[in-house]
Amino acid sequence: MANKKLKNFEYANHTSRGKSKDVNSDDLAFFECINGFVFIICTGNVNGSSDVKPSALTTERLKYYLENEFVENPSDAVYNALVYANGFIYEYARKNPEFNDPRVSCSVLLIRNNEAYYCVVGNSTISFFNGKKLFVLAAGDESKGNLKEKNDDAPAEGYFLGEKQSIVPEVNREPLLALNDDMILLSSDGFANFVSEKQVLKILVDPMPVQTKTYRLVDMALHAGSEDNISVQLVAFYNLDHLERKFVPIRIKGKKIIKDTPVGRKEKLADSSDDKVSQKEYNPITEKLENPAVKYTLLALGILLVFYMFYDLFLYNPVPPVKFESANSQESLVEQSQDGVADAPEIKIPEDIIYTVQTGDNWSRIYTQFGVCSWFIRNHPPNRGKFDSADNPVAGSRINIPVVYSSKDELNPDFYQEFSTEKTGSRCENADQELLDNFKESHL
């Protein structure tokens, strides 16, 4: 059991050996490093002939990477650490036969500058408590690990660390912004599969200390009949200066765990006999259209549009347009050098580079190689339909890199300064349609 209070959050964790287990194969960790504050829960099988516990080895490798390799983008830091740990465990098992069939589930939470990034591999779960409700942010298997009903006997699914040579973990690209008294809960499947949301909320809303909450959560899972190892880490926020709450779902195995939930929007509860939160999809466009002011404004614009079309078709009688012939090419401005004006320099637009996405590639790596923000690549017409459901590159696919939007002078000698970080932002936050339109209007 660990408990510590820091400037902006307090955390506590607790783990217990399952009733049917000879040893507790779970491993918990919290540490501060160059990448931020890191919380980890790893669960794994026990290899009888090996003295090395897969979950402990995973935690050790994650910690080693995050303590020694600073990554500017926190989301990439979590991604890279998991890819590294997976490759290490896979190779370790290949070279050590007694360390057979490692299957490690892992949940990782990284907090930097009071912004949270998270990922789940395997059958762990990460949830977010906003003071009233509990939202599942990430779960390795959508049919399990969602703080759902008890007695769910479905087999554990999902991919695990060490199971394959390479993995592509899903990490939230936009940070989670919490408000004071919000909490993040990391839990193993031995906890999440045996408790209901209503039971968890009863403990989280209670004003008891955070350390006591973790004890109570683990005991609750034991009393509910869980025979697996049970581990939880609870992070409670305070002294934050955020003005709004923001969190986004991540996709695991191609399925969206929760719907995009806007700040301040209240989710409706399911039937009173059911403890689950209704995951009703929120559509901001539909909600705006339900606003009477918006509805009547659109109606008035529609009437004006119909009137204009009628006027244009039947009443308006313009003067026939005057046709202008284009100037002879030999008399163009470019060739006015005969009158003493220097020829205009020839501008070459670089052709796209065809690139085959490699295993482990993400937008940060592709930007490092080509200097092109992901927005330009994702919205480049030849690349339509070539990305996954979260608009990330797919290993093995061939995509066009429009280097005309590159910040590298060797790839884009005429326009590279137009796409420097001063223009696009240090994280490409300014790369959008407005920047593209302004560039085309001025140069193309």
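## A tour from salt bridges to strands

Begin by selecting E163, which counts as partly exposed because its relative accessible area is 31% (buried means under 20%, exposed over 50% and partly exposed in between, with a 1.4 Å probe and protein chains only). The model in the viewer is predicted, so local features need pLDDT of at least 70 and side-chain atom pairs count only at pLDDT 80 or more, while totals for chains, interfaces and linings use all residues. Residues are numbered from 1 along each chain as its sequence is written, and side-chain values use heavy atoms, leaving out hydrogens and water.

E163 sits in the loop between β8 (134-139) and β9 (183-187) and R103 in the loop between α2 and β5, so the pair ties together parts that are 60 residues apart in sequence. Helices (H or I, at least four residues) and strands (E, at least two) are DSSP runs, numbered from the N terminus. R103 is itself partly exposed, at 30%.

Next, select D182 and R245, whose side chains meet in a salt bridge of 2.8 Å, N to O. Distant parts of the chain are linked here, with D182 in the loop between β8 and β9 and R245, 63 residues away, in the loop between β10 (230-237) and β11 (251-252). Both D182 and R245 are buried.

Moving to helix α2, show R94 and E91, which lie three residues apart, about one turn of the helix, and whose side chains form a salt bridge of 2.5 Å, N to O. R94 counts as exposed because its relative accessibility is 56%, whereas E91, at 23%, is partly exposed. In the whole structure, a search finds seven salt bridges.

Now colour strand β4 (residues 36-44), where eight of the nine residues are buried. β4 runs antiparallel to β3 (residues 27-33), to which seven bridges join it, and two residues separate these strands in a hairpin; strands pair if DSSP finds at least two bridges between them. Within this pairing, F30 has F39 as its bridge partner. Eight bridges also join β4 to the antiparallel β5 (residues 104-112), where V108 stands opposite I40.

Finish at helix α1 (residues 54-68), whose buried residues include L57, L62, Y65 and L66. The elements covering its buried residues include β3, β4, α2 (74-95) and β5, where contact means heavy atoms within 4.5 Å.

Note on methods
A salt bridge is a side-chain nitrogen of Lys or Arg within 4 Å of a carboxyl oxygen of Asp or Glu.
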